[in-house]
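Notebook open. I want to go through the chains, then their contacts, then a few local details.

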Amino acid sequence: MARAAFVLVALLAVGAALGLVIKKNVIHGAMFLVVNMASIAALYYMLGAEFLAVAQIVVYAGAIMVLFIFAIMFLIPGKDETGPDPRRWQRALALPLGALLLILLLAVVAAVRGTGPPAAGPATSGALYRALLTDYLLPFELTSILLLAAIVGVMVLAKRRPG
Amino acid sequence: MTLPPIAQTAVAAFVLLNVVIGLVTYVTLLERKFAARMQSRIGPYYVGPHGLLQPIADALKLMMKEDVVPSSADRWVYNLAPIAFLVPCVLIFATLPFAPGLGLADLNIGVLFFLAVSSLEIVGLFMGGWGSNNKYAMLSAMRGVNQIISYDLPFVFAALVPVVLAGSLQLSAIVTAQQGLWFAAYPVIGQLGFIAYLVATLAAENRVPFDILEAESELVAGFRVEYSGMKFALIQLGEYAHIIATSYLGALLFLGGWLGPGPAWLGAGWFTLKAMLVFLLLTWVRWSFVRIRVDQILAISWKLMLPATVLLLLVTAFWVAWRSGGGA
Amino acid sequence: MTVPDAWYLGLSAVLFAIGIVGVIVRRNPLVIFMSIELALNAANLALVTFGARLGSPDGQALVFFVMAVAAAEVGVGLAIIVVIFRSRHRLSVDDLSLMRW
């Protein structure tokens, strides 16, 4: 049962990822990315990481996607990727190299399969909250400073200067 | 004969889905009757006794209408948008515990799940606006995304006040924590939180006075202007389902959910009654105020609601820490 | 039947490779950006899988930080793309050779 659910969600994730890379239309790409993010959230839930599943939906499907959509709106899609490709052979090379990367990664997964400690089961969400506010307190606080810096940076960058 | 667990869940989900659709259909009648009373009219009256069959007539009418697809529409996006809009709006009902043990999934992060999934409706909203390839729909979708993002933050902070008071993200635990004192009656903090919740709900649901994305005089009918027939019905259904779900959440967070006098099986009834009260409160505001401008809406969110709700949440957190003796 | 960890890792590898290929193949900076997000998410999935295997919250904590950094990165990155578009009115990474020797 769990395996069937996994295969279903995994197919959805891979299909959406391929759609993002293959389809020319940027808006369609953004929609594919939403599907991909949502299916990864489902996988987090299956792995017992409930909090991350919800955070994934809020952060990616809610916030980051809206940013992308606004940028796409602003940038008038459809005027790029037309005309001859100046670096055609480089891009053609990307496919075999990507396949090679995939084979290497899968070889690593196959090599480590079955080794390591026995499965301990997922940590509870409570353990995550405790870890974030004790062991990881400093990075946690630094994250807020990073986000603040990002907000200020974006405002400075995007502000139209007079004249 | 007992069904396997997955089949039981499927049956329960099917029942819940149909109850939600029926409830939402009849809530439109409630709203129209209520609005009519406020304007000294009678409202729907001719279909069935006191207009009781009006929602069914409306649904039949929408089903029989021709389904028009604009020739220049982005077909995939246009056709998928109503579904993308409806699914999250109905999905959020899955976490609501209607009575002790009566609910689909009482997640231990129920509040977060509700907030996260309910914010997903902007994807469908945007798809509808973009896919229609209509300037009014596009403008409306941009306004809507802007507004929903702006008011999601105060909404979340207001909804977190009862969470901090109850000390749990689980919806059923929040209800049990209100035995004795509903959070709406909690001195100062509760009332402020409830008011903030209502205002943020109005804005996040695009209800008057915050309905700039369907402002009839400017944008025809907003992002659904090109939709007709069943697709229009799906969008309308999703919109009302979202408002009802948010009313239920408000009743649960601030008005004690299923708590009430009488035997336990009355719980779901009390819960629905309170949710309808919240809904009528929102409707009352809708028929009492005029629409405000875009810049005013955004200014209210970022300059007033957000700082106020953050401050309220901080005060609540300090109060809870001080009372439990844990803090300084 | 529970799902073996290797399946999650395999899926993570596939998504990561697709993301990398997307970065190289596409010419639109927005799609390149989305492909980077894809690869980041694949890495996150692997982290959560390892965390679940070890029964420790560290994997999830790392993913939490990755999400926060990704949000900041997308905000700043998109702002830069918008500024570039404003001054050059083209949106193809092949044209952006101003800072290249």
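What share of contacts in chain A between residues at least 6 apart in sequence join residues at least 24 apart? I get 48%, where a contact means two C-beta atoms, placed from the backbone, within 7 Å.

Ground rules before going on. I'm working on a predicted model, where local features need pLDDT of at least 70 and side-chain atom pairs count only at pLDDT 80 or more, while totals for chains, interfaces and linings use all residues. Residues are numbered from 1 along each chain as its sequence is written, and chains are lettered from A and ligands numbered from 1 in the order in which they are written.

**Chain A.** I looked up the elements and found 6 helices and 0 strands, running α-α-α-α-α-α from the N terminus. Helices here are DSSP runs of H or I with at least four residues, strands are E runs of at least two, and numbering starts from the N terminus. Of the 163 residues in chain A, 35% are buried. Buried takes 20 or more other C-beta atoms within 10 Å of the residue's own, exposed takes 12 or fewer, and partly exposed is in between, with C-beta atoms placed from the backbone.

**Core.** The largest nonpolar core has 173 residues, and A:Ala30 and A:Ile57 have the most contacts inside it. Such a core is a set of buried Ala, Val, Leu, Ile, Met, Phe, Trp, Tyr and Cys residues joined through C-beta atoms within 7 Å. I then checked A:Ala30: beyond its neighbours within four places in sequence, A:Ala30 contacts A:Met65, A:Phe68, A:Ile69, A:Ile72 and C:Met34.

**Who touches whom.** Chains B and C share no contact, and their closest C-alpha atoms are 15 Å apart.

**A with C.** I find 64 residues of chain C in contact with 69 residues of chain A. On the chain C side, H3(C) gives the most, with 21 residues. That side divides into 45 nonpolar, 13 polar and 6 charged residues. For these classes, Ala, Val, Leu, Ile, Met, Phe, Trp, Tyr, Cys and Pro are nonpolar, Asp, Glu, Lys and Arg are charged, and the others, Gly among them, are polar.

H4 (residues 88-112) of chain A packs against H1(C) at about 160 degrees, with axes 9 Å apart. Axes are lines fitted to C-alpha atoms, for helices over the stretch in contact, and angles run from 0 to 180 degrees between N-to-C directions. The two helices are therefore roughly antiparallel; the cut-off for that is over 145 degrees, with under 35 roughly parallel, 65 to 115 roughly perpendicular and the rest oblique. By class, the contact of H4(A) with H1(C) has 17 nonpolar, 2 polar and 1 charged residues.

**A with B.** This contact takes 16 residues from chain A and 19 residues from chain B. H3(A) gives the most to the chain A side, with 11 residues. That side has 13 nonpolar, 2 polar and 1 charged.

**Inside chain B.** The axes of H1 (residues 5-38) and H10 (residues 229-254) of chain B come within 9 Å and cross at roughly 95 degrees, so H1(B) and H10(B) are roughly perpendicular. Among the residues meeting there are B:Val20 in H1(B) and B:Tyr240 in H10(B).

Last stop was B:Ser40, in the loop between H1 and H2 (54-64) of chain B. B:Ser40 has a positive phi of about 55 degrees although it is not a glycine. Buried or exposed? B:Ser40 is exposed, with 6 other C-beta atoms within 10 Å.
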